Amino acid sequence: MVFFLGGIFNQVQAQGVWKSLTEVSYKISEDQYGELYVPVFSENIKKLEGKVVEADGYIIPFEGMFKPDHIILSSLPLAECFFCGSGGPETVMEVMLAKPIKYTSNRVKVKGTLTLNSKDPEKLMYILKNAQLISQ
């Protein structure tokens, strides 16, 4: 019974990260290429920066291929994700894995150190560094 309750706690914890990451707004800024939206992170999100967090979701192939040590994780299935469907940029994160993983279309859970990105428009605004696969 304790194991079962622990599983529920971990599931809520992983889902809770995505819920917290939705607390973002945007301001319009400019660079040499024109206007761009810059994320403005809530205080709750800022408190997570540099902390080890768990996130579950779906691996999204990008640039036409799967890189086993650098993945895009979406809280939503592929048809609904930010790149393919109706999800916003707060529903995806880059994950830099310490060890390569195999691609799967099933939901996965990872753990790593959260980094916030509001400066590099070539990267996603949420990056999980030194991450490891918890479940696949």
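## Starting at Gly-88

Let's start with one glycine: Gly-88 counts as buried because its relative accessibility is 15%, and buried here means under 20% relative accessible area, exposed over 50% and partly exposed in between, using a 1.4 Å probe and protein chains only. Gly-88 sits in the loop between β4 and β5. Its C-alpha atom is 8.9 Å from that of Thr-22, although the two residues are 66 apart along the chain.

A word on what you're looking at: this is a predicted model, where local features need pLDDT of at least 70, side-chain atom pairs count only at pLDDT 80 or more, and totals for chains, interfaces and linings use all residues. Residues are numbered from 1 along each chain as its sequence is written, and side-chain values use heavy atoms, with hydrogens and water left out.

## The overall layout

The protein chain has two helices and seven strands, in the order α-β-β-α-β-β-β-β-β from the N terminus on. Those elements are DSSP runs numbered from the N terminus: helices are H or I with at least four residues, strands are E with at least two.

Of the 136 residues in the chain, 36% are buried. Take the contacts (heavy atoms within 4.5 Å) with a separation of 6 or more: 58% of them are between residues 24 or more positions apart.

## Two nonpolar cores

A nonpolar core is a set of buried Ala, Val, Leu, Ile, Met, Phe, Trp, Tyr and Cys residues joined through side-chain atoms within 4.5 Å. The largest one has 23 residues, and Leu-21, Leu-73, Met-93, Val-95, Tyr-126 and Leu-128 touch the most other members. Two or more residues each come from α1 (2-21), β3 (52-60), β4, β5 (92-97), β6 (108-116) and β7. The top contributor to this core is β6, with four residues. In soluble globular proteins, nonpolar side chains tend to be buried together.

Leaving out residues up to four places away in sequence, its contacts include Leu-21, Phe-41, Ile-45, Met-93 and Leu-116, along with Glu-90 and Glu-94. There's also a second, separate core of six residues, among them Ile-60, Phe-62, Cys-81 and Leu-124.

## The largest pocket

The largest pocket holds about 470 Å³ of space. On a 1 Å grid over the protein atoms alone, a pocket is an open set of points with protein on both sides within 12 Å along at least five of seven lines, and lining residues have an atom within 4 Å of a point. Grid points are joined across faces, edges and corners, and the volume is the space filled by probe spheres set on the points.

Of its 25 lining residues, Asp-120, Pro-121, Lys-123, Leu-124 and Met-125 are the closest to the centre. Elements giving two or more residues to the lining are β1 (24-31), β2 (34-41) and β4 (70-74), and β2 gives the most, with six. The lining divides into 14 nonpolar, four polar and seven charged residues; here Ala, Val, Leu, Ile, Met, Phe, Trp, Tyr, Cys and Pro count as nonpolar, Asp, Glu, Lys and Arg as charged, and the others, Gly among them, as polar.

## Two strand residues to look up

Glu-54 lies in strand β3 and is buried, because its relative accessible area is 13%.

Asn-130 is in strand β7 (residues 126-135). This residue counts as exposed because its relative accessibility is 60%. Its phi is near 50°, a positive value in a residue other than glycine.

Notes
1 Å grid on protein atoms, 1.4 Å probe; cavity = no way out; pocket = protein on both sides within 12 Å on 5 of 7 lines; lining within 4 Å.
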